[in-house]
Amino acid sequence: MDINSTLQALRDPFGVPFFPWVFQLLMVLTFALHILFVNLVVGGIAVAVYEHFKGGDFNRRLSKALAQVSTINLSVAIVLGVAPLLFVQVIYDPFWYVSNTLSAWWAMIFLLVVALGFLATYVFYLKRKKNPQGYGLFGGLALVFVLCAGIIISALSVQALVPGQWLEWYTANGGLVTTGTSLYRFELGRFTHFMVPAFINIGIFMMLYAWYFRPRSDFDGAYLDWVGRSGARMAKIAAMIQVVVGFWWLLTVPADLHFMKNPFLWVGAALGLLLLVGLMKAENEPDRYAIPMALLSFVAILGMGTAREALRMTYLGVFEYSIYDYPVNVDWGSTALFFGTFVMGLVVIAYPMIVAFKLGRGTLTES
Ligand code: HEM
């Protein structure tokens, strides 16, 4: 049996319970949300650790705020990771499962490092109140664990794209390798391309922070000015670096895939450039640009996520695999339940979020 028909045979014989393009759309959307929060965690902890060790009134204050918010952002990033995980397992099951069994130990180590990263982030935030010096190290540790998790998931994603190499990996050393102890393929350019935006997005987050707390009389205006300007500058520099990293990754994509001709790639790249132009203007007026830059950044992340999905389709097209011909066996009951609970969930969390937003900003009025 050749690899193309193996991939067809590995599909779920029951087919998918709804149209594959719907799963694909939701996968790209939820991946964009996931990676946004991953960025806020990586950037948030990195800046918190840096400012913590740098010292100074403003620096320590910002460090504490970022350490605190990183605990929440990490929870959200993990929860939002589950959504694309479910979708990728539905429409790309042959690829995801093979990649995960080839590196089964790493798939489990991933869970461990996520849990350790979570604990370290909490220790960094909570315990350092008593011992400001020592606990800064936990921030560094949290960053290492979170980055390890990212490296593992990125390797699993990349391994899933190259079915042509699976046999070689399964039969290394002339025998059958079923230990699952190796990670076989990792692309630094690709990973860096998902990590540099951590500094774009945490920079924009700092602009939002300055904008959000501005109406509060208990916040020092000079501190907010410093946070907003530093955030805008960092975001701008990171966006410039991201352009270079983007081309670096692109050059590592096999030329015979002709991905350079893919329009989704150039739409994604154009959105990234637009963000860079916006950030160049934002440095002088961070408060004014905070909301537009946050929205534009999310659109750029969506563009990047769409290009990433187009790249996956290009890789797998070589093996004549398309999710659009996945057998469909529509199950209206589970679909209605899914969308019903999704909409209900949004309605339920909207109210406490609005209240929390107004409370934190000091703009909640009695009516
Ligand atoms: C907390 C640390 C985490 C970091 C730093 C992280 C980072 C990343 C990165 C960089 C990617 C893109 C990989 C690539 O395409 O090369 C990614 C994708 C993904 N992550 Fe996370 N992630 C984390 C946690 C999680 C968790 C806890 C889950 C699941 C519960 C998860 C599920 C996923 C999924 C499903 C994908 C997409 C896989 C695909 O489409 O092939 N992640 N993550």
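**Criteria and conclusions**

Leaving aside neighbours within four places in sequence, serine 154 is in contact with Phe186 and Phe191. Serine 154 belongs to helix α6, residues 136-159. The model is predicted.

Q: What makes valine 146 count as buried or exposed, and which residues does it touch?
A: The limit for a buried residue is again under 20%. Valine 146 stands at 14% relative accessibility, so it is classed as buried. Valine 146 is located in helix α6, and it touches Val41, Val42 and Gly117, not counting residues up to four places away in sequence.

Q: Which residues does phenylalanine 145 touch?
A: Contact requires heavy atoms within 4.5 Å. Not counting residues up to four places away in sequence, phenylalanine 145 touches Val113, Leu116, Gly117 and Ala120. Phenylalanine 145 is also part of helix α6.

Q: How do you know whether asparagine 100 is buried or exposed?
A: Its relative accessible area is 18%, and under 20% is what buried means, so asparagine 100 is buried. Asparagine 100 lies in helix α4, residues 93-102. Ala107 and Leu156 are the residues that asparagine 100 touches, not counting those up to four places away in sequence.

Q: How do you know what span α10 should have?
A: The expected span is 1.5 Å times one less than the number of residues. For the 32 residues of α10 the rule therefore gives 46 Å, and the end C-alpha atoms are 46 Å apart, which agrees. At the start of α10, a side-chain oxygen of aspartate 220 comes to within 3.0 Å of the backbone nitrogen of alanine 222.

Q: How do you know what span helix α11 should have?
A: At 1.5 Å a residue, the 20 residues of helix α11 (residues 263-282) should span 28 Å; the end C-alpha atoms are 29 Å apart, which agrees.

Q: What makes the buried residues of α11 lie on the same side?
A: The buried residues of α11 are Leu265, Gly268, Leu271, Leu275, Leu276, Gly278, Leu279 and Ala282. They cover an arc of only 165 degrees around the axis, which puts them on the same side of α11. On the other side of α11, Pro263 and Lys281 are exposed. The cover over the buried residues of α11 includes α9 (197-213), α10 (221-252) and α12 (286-317).

Q: What caps the N-terminal end of α11?
A: Asparagine 262 caps this end, with a side-chain oxygen 2.9 Å from the backbone nitrogen of phenylalanine 264. A polar contact is a pair of N or O atoms within 3.5 Å.

Q: What makes His34 a donor to the iron atom of the ligand?
A: Donors to this metal are N, O and S atoms within 2.8 Å. NE2 of His34 is 2.2 Å away, and His34 is the single donor from the protein. Histidine 34 is found in helix α2, residues 20-54.

Q: Which residues are closest to the ligand?
A: Of the 24 residues that surround the ligand, the closest are His34, Ser154, Arg190, Arg308 and Arg312. A polar side-chain atom of arginine 190 lies 2.7 Å from an oxygen atom of the ligand. For arginine 308, a polar side-chain atom is 2.7 Å from a ligand oxygen atom. In the case of arginine 312, the distance from a polar side-chain atom to an oxygen atom of the ligand is 3.0 Å.

Methods:
Residues are numbered from 1 along each chain as its sequence is written. This is a predicted model: local features need pLDDT of at least 70, side-chain atom pairs count only at pLDDT 80 or more; totals for chains, interfaces and linings use all residues. Side-chain values use heavy atoms; hydrogens and water are left out. Helices (H or I, at least four residues) and strands (E, at least two) are DSSP runs, numbered from the N terminus. Buried means under 20% relative accessible area, exposed over 50%, partly exposed in between (1.4 Å probe, protein chains only). The arc is that of the directions from the helix axis to the C-beta atoms. A polar contact is a pair of N or O atoms within 3.5 Å; within protein, one must be able to donate a hydrogen and the other to accept it, and residues adjacent in sequence count only if both atoms are side-chain atoms. Donors are N, O and S atoms within 2.8 Å of the metal (3.2 Å for Na, K and Ca); water is not among the atoms, so sites may look incomplete. A residue is near a molecule or strand if one of its heavy atoms lies within 4 Å of it.
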